Protein chains: 2
Amino acid sequence: MQRFINNPDEVVEDTVKGFVKAHADIVRLGENPRVIVAKGAPVAGKVGVVTGGGSGHEPAFIGYTGRNMLDAVAVGELFSSPTAKSFHDAIREADGGKGVVCLYGNYAGDNMNVKMAVKLAAKAGIEVATVVANDDVCSAPPEEREKRRGVAGEIFMWKIGGAKAAAGASLEEVRAAAQKAIDNCRSIGVGLGPCTLPAVGHPNFRIEPGTMEVGIGHHGEPGLRVEALKTAEEVAVDMCKIVLDDHDLPQGTEVAVLVSGLGATPLNELYILNDTIEREITARGLKIYRTFVGNYFTSLEMVGATLTVMALDDELKALLDVEVRCTAVL
Amino acid sequence: MQRFINNPDEVVEDTVKGFVKAHADIVRLGENPRVIVAKGAPVAGKVGVVTGGGSGHEPAFIGYTGRNMLDAVAVGELFSSPTAKSFHDAIREADGGKGVVCLYGNYAGDNMNVKMAVKLAAKAGIEVATVVANDDVCSAPPEEREKRRGVAGEIFMWKIGGAKAAAGASLEEVRAAAQKAIDNCRSIGVGLGPCTLPAVGHPNFRIEPGTMEVGIGHHGEPGLRVEALKTAEEVAVDMCKIVLDDHDLPQGTEVAVLVSGLGATPLNELYILNDTIEREITARGLKIYRTFVGNYFTSLEMVGATLTVMALDDELKALLDVEVRCTAVL
């Protein structure tokens with residue numbers, strides 16, 4: 001493994017330490033060292049906004065902690081859910097007396113641990129509303145949307161929820177805005193190369209050279225199909241077709257587009273994909289309101305990219321444009 | 001090659017097209033399609049700030065175009081200098097009637113092409129001052145500092161120069177501030193894996209598994225030594241020692257720190273490095289004023305990281321803190 005690590009079992013601990021040292025102007029460590037808290041949080045009278053998830057997806061999740069975004073983030077081991085205690089501690093750190101919304105991804109471990117954390121919080125007198133992200137179109141058919149995984153659409157969900165909470169909205173209003181955001185998102189991933197958990201030492205899935213996996217999940221979950229690697233243009237056409245066929249948006253709908261690298265794909269290739277993505281989305285009669293291109297939600301050193309399209313209305317546009325201060329670019 | 005590309009000879013063209021489509025709120029294409037211009041540039045009465053360099057280092061150089069940063073950027077082929085014409089056209093696009101500063105890296109092709117561009121600009125009545133970055137400590141000994149290459153310290157040079165120009169400074173004042181910034185920078189790179197130019201199809205240098213190259217350049221230029229891969233802590237200790245021994249700063253000096261990935265190194269590993277980097281810099285009696293961690297200056301899918309340390313004074317601190325609007329995080 002050609003990696004910068006110390007003890008493979010302490011990757012997350014070392015990451016969090018270096019993260020908090022780098023960004024003391026934006027975040028602080030929680031009382032629980034597996035919780036990252038926005039500097040200045042909790043804000044009295046503001047709905048707290050929380051997420052959490054496995055590590056190895058940086059800048060997700062911790063990099064989205066900050067002003068007008070997430071108040072607190074529960075940190076899991078590499079590719080595995082934070083504990084119920086960490087979710088609960090994140091909720092406590094975010095609680096400004098007006099309730100807390102927990103916006104997280106649809107994975108078995110996260111579902112279980114968030115549920116337990118919500119019960120613990122209720123006992124402690126904190127009202128918690130939840131929104132579960134399920135934007136990954138290839139992880140289940142449309143009629144079973146509740147089974148789909150959450151991927152990079154979560155970033156839009158956090159940004160919308162964070163902005164709504166910062167505007168002084170109620171818990172129910174924040175929940176509803178975040179729910180609308182993720183309901184309006186569809187995402188797809190394409191993998192060209194696997195990644196390795198340092199403590200394992202070899203990839204936990206394979207992508208043969210010359211092939212790609214269309215619809216792959218953020219942890220290498222099997223996709224729709226494995227096929228010969230195509231040109232960037234062909235890949236982008238396929239990604240748009242899968243996402244937009246599932247989305248079925250009326251002509252003239254305004255959308256936000258997010259193209260994220262999975263870790264080891266050069267940034268310039270994401271722009272190459274975006275050149276075609278813009279063409280395809282526009283050709284469908286949709287209007288691109290804003291585009292984000294970068295490493296927003298990665299999977300260690302996986303080679304590949306994801307596309308997320310969020311349909312917008314006036315409320316979502318206004319919330320999307322609220323400036324944030326976190327360590328990732330938004 | 002597991003890459004998202006179309007015609008390998010059109011990687012730069014496709015990248016630029018996708019970039020401009022994504023960020024029309026921040027940049028526009030120049031008249032010359034190998035020039036990226038900040039939206040709103042040139043600003044009448046403001047010193048123009050320009051750079052340029054080979055592609056494949058994204059977000060450098062184009063991602064630093066924007067308000068309070070670079071007014072225009074000349075875009076070269078992958079890993080090769082922009083033409084003299086492109087540098088000249090970037091200078092013309094940035095010219096607001098108060099002169100233009102060209103802040104670029106010390107590479108043979110860039111030196112030659114900038115010199116020609118400056119002559120062309122003089123004929124066109126535009127006064128151009130230049131600053132050449134040479135922050136890469138392993139590329140020549142201290143007594144031959146003028147031979148050293150420019151690497152990630154260029155980002156600080158651009159940020160300082162951009163902020164100074166935005167504050168209404170004269171051409172000479174902007175040049176002096178940018179020169180001070182790069183004079184105060186020292187950088188080192190460590191490579192764990194090579195990168196491949198798509199048109200070549202195989203790596204143009206080798207890094208054997210289990211080894212690392214300390215002092216490697218941004219295009220795989222040979223470093224100080226090849227040795228067995230160490231832990232992140234040991235690597236960070238070595239990086240700090242090489243940079244700080246060369247820097248020789250008085251106790252109590254405030255510094256800015258930039259830890260950049262080279263393309264395929266997961267972000268969390270940069271934080272792991274930063275955990276030790278912070279410890280080592282602090283142990284030398286230096287005070288860290290700000291830390292930047294991310295993929296700031298990459299080399300396609302090279303595995304590895306760079307460390308840049310810039311010594312600060314009151315002027316540099318104030319300029320470093322000027323908010324910018326570009327596509328990279330700063």
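UniProt places the feature "domain: DhaK" (unreviewed entry) at residues 7-329 of chain A; such annotations may be inferred rather than shown by experiment. The model is predicted, so local features need pLDDT of at least 70 and side-chain atom pairs pLDDT 80 or more, while totals for chains, interfaces and linings use all residues. Residues are numbered from 1 along each chain as its sequence is written, chains are lettered from A in the order in which they are written, and side-chain values use heavy atoms, without hydrogens and water.

**Exercise 1.** Describe the span of residues 7-329 of chain A.

Solution. The span is 33% helix and 24% strand (DSSP runs: H or I of at least four residues, E of at least two). Its end C-alpha atoms lie 30 Å apart.

**Exercise 2.** Classify the pair of A:F156 and A:F292 and locate both residues.

Solution. Step one: rings of Phe, Tyr and Trp (its six-membered ring) pair with centres within 6.5 Å; planes under 30 degrees apart are stacked, over 60 edge-to-face, the rest tilted. The whole structure holds 14 aromatic pairs over all chains. In one of them, A:F156 and A:F292 sit 5.6 Å centre to centre with 70 degrees between the planes, hence edge-to-face.
Step two: A:F156 belongs to helix 4 (residues 153-166) and A:F292 to strand 11 (residues 287-294) of chain A, 136 residues apart.
Step three: A:F156 has a relative accessible area of 0% and A:F292 one of 4%. Buried means under 20% (1.4 Å probe, protein chains only), so A:F156 is buried, and so is A:F292.

**Exercise 3.** Work out what the pair of A:Y271 and B:F19 joins.

Solution. The pair is edge-to-face, at 5.0 Å and 75 degrees. A:Y271 lies in helix 7 of chain A and B:F19 in helix 1 of chain B, so two chains are joined. Both A:Y271 and B:F19 are buried.

How values were computed
Buried < 20%, exposed > 50% of the residue type's maximum accessible area, 1.4 Å probe, protein only.
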